Amino acid sequence: MIQMEKGGLMEPEGYMRKALQLAQMAGAEGEVPVGCIIVWDGKIVGQGRNRREQNKNALCHAEIEAMDMACRTLGGWRLWKAQLYVTLEPCPMCAGAIFNARIPTVYYGASDPNLGACGGKFDLFATGLAPCPQVTGGLLAEESAALLRTFFRHLRKKI
């Protein structure tokens, strides 16, 4: 396990703040600033940040990296007791991976009206397929959105 919080479980906001730290790291590396944490029984078992540019790979989203680490940490692909915290609403690829990993709880920060698959553009989890996670959006949304706005503002100035 990566980490156990002293004194028991952290609140969702605390885990999202850790995801925001990962997003800041991604942004500093020239990646779209998205970070993700996966928690199992109060322990952080997976974490990730966008690395598509660094790895030259379209699959290197924060959620995929965090799920990969969680599966390796736990020794299995079923994340049936996990909570996923991500700074940006998951895209269709990541929502599909969340569904397939059986993650029951998802928290995200900023909505994504262009590619969001949890209600921003469409809702993959409203299809009636089971089991669908409980999704809570808007957790530290302004902090998450501010990171993205700043990143893209700087990127546009370079062009």
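Buried means under 20% relative accessible area, exposed means over 50%, and partly exposed lies in between (1.4 Å probe, protein chains only). Keep that in mind for each stop.

This is a predicted model, where local features need pLDDT of at least 70, side-chain atom pairs count only at pLDDT 80 or more, and totals for chains, interfaces and linings use all residues. Residues are numbered from 1 along each chain as its sequence is written, and side-chain values use heavy atoms, with hydrogens and water left out.

**Stop 1: the tyrosines**

Select Y15. Is Y15 buried or exposed? Y15 is buried, with a relative accessible area of 2%.

Now look for aromatic pairs. Rings of Phe, Tyr and Trp (its six-membered ring) pair if their centres lie within 6.5 Å; planes under 30 degrees apart are stacked, over 60 edge-to-face, and the rest tilted. A search of the whole structure finds four such pairs. Y15 sits in helix α1 (residues 12-28) and Y85 in strand β4 (residues 82-88), so the pair ties together parts 70 residues apart in sequence. Helices (H or I, at least four residues) and strands (E, at least two) are DSSP runs, numbered from the N terminus. Y85 also counts as buried, at 2% relative accessibility.

Y85 and Y107 form a stacked pair, 4.7 Å centre to centre, with 5° between the planes. Y107 belongs to strand β5 (residues 105-110), and this pair links parts of the chain 22 residues apart. Y107 is buried, as is Y85. Show the three rings together: ring pairs link Y15, Y85 and Y107 into a cluster.

**Stop 2: P12**

Select P12, in helix α1. P12 counts as partly exposed, at 23% relative accessibility. Leaving out residues up to four places away in sequence, P12 touches Y85, Y107 and L139. Contact here means heavy atoms within 4.5 Å. Next, pick G138. P12 and G138 are 126 residues apart in sequence but 12 Å apart in space, C-alpha to C-alpha.

**Stop 3: R49**

Go to R49, in strand β3 (residues 43-49). R49 counts as buried, at 10% relative accessibility. Which side chain makes a polar contact with the side chain of R49? It is that of E29, at 2.9 Å. A polar contact is a pair of N or O atoms within 3.5 Å; within protein, one must be able to donate a hydrogen and the other to accept it, and residues adjacent in sequence count only if both atoms are side-chain atoms. R49 also touches other residues, including L22, M25, C60 and H61.

**Stop 4: the largest pocket**

Show V32, V34, L88, D112 and L115. Of the 20 residues lining the largest pocket, these are the closest to its centre. On a 1 Å grid over the protein atoms alone, a pocket is an open set of points with protein on both sides within 12 Å along at least five of seven lines; lining residues have an atom within 4 Å of a point. Now colour helix α5 (residues 141-158), which gives the largest share of the lining, four residues.

**Stop 5: two loops**

Select D41, in the loop between β2 (35-40) and β3. Phi of D41 is near 50°, a positive value in a residue other than glycine. Finish at R102, in the loop between α4 (92-101) and β5. R102 has a positive phi of about 65°, although it is not a glycine.

Notes: 1 Å grid on protein atoms, 1.4 Å probe; cavity = no way out; pocket = protein on both sides within 12 Å on 5 of 7 lines; lining within 4 Å.
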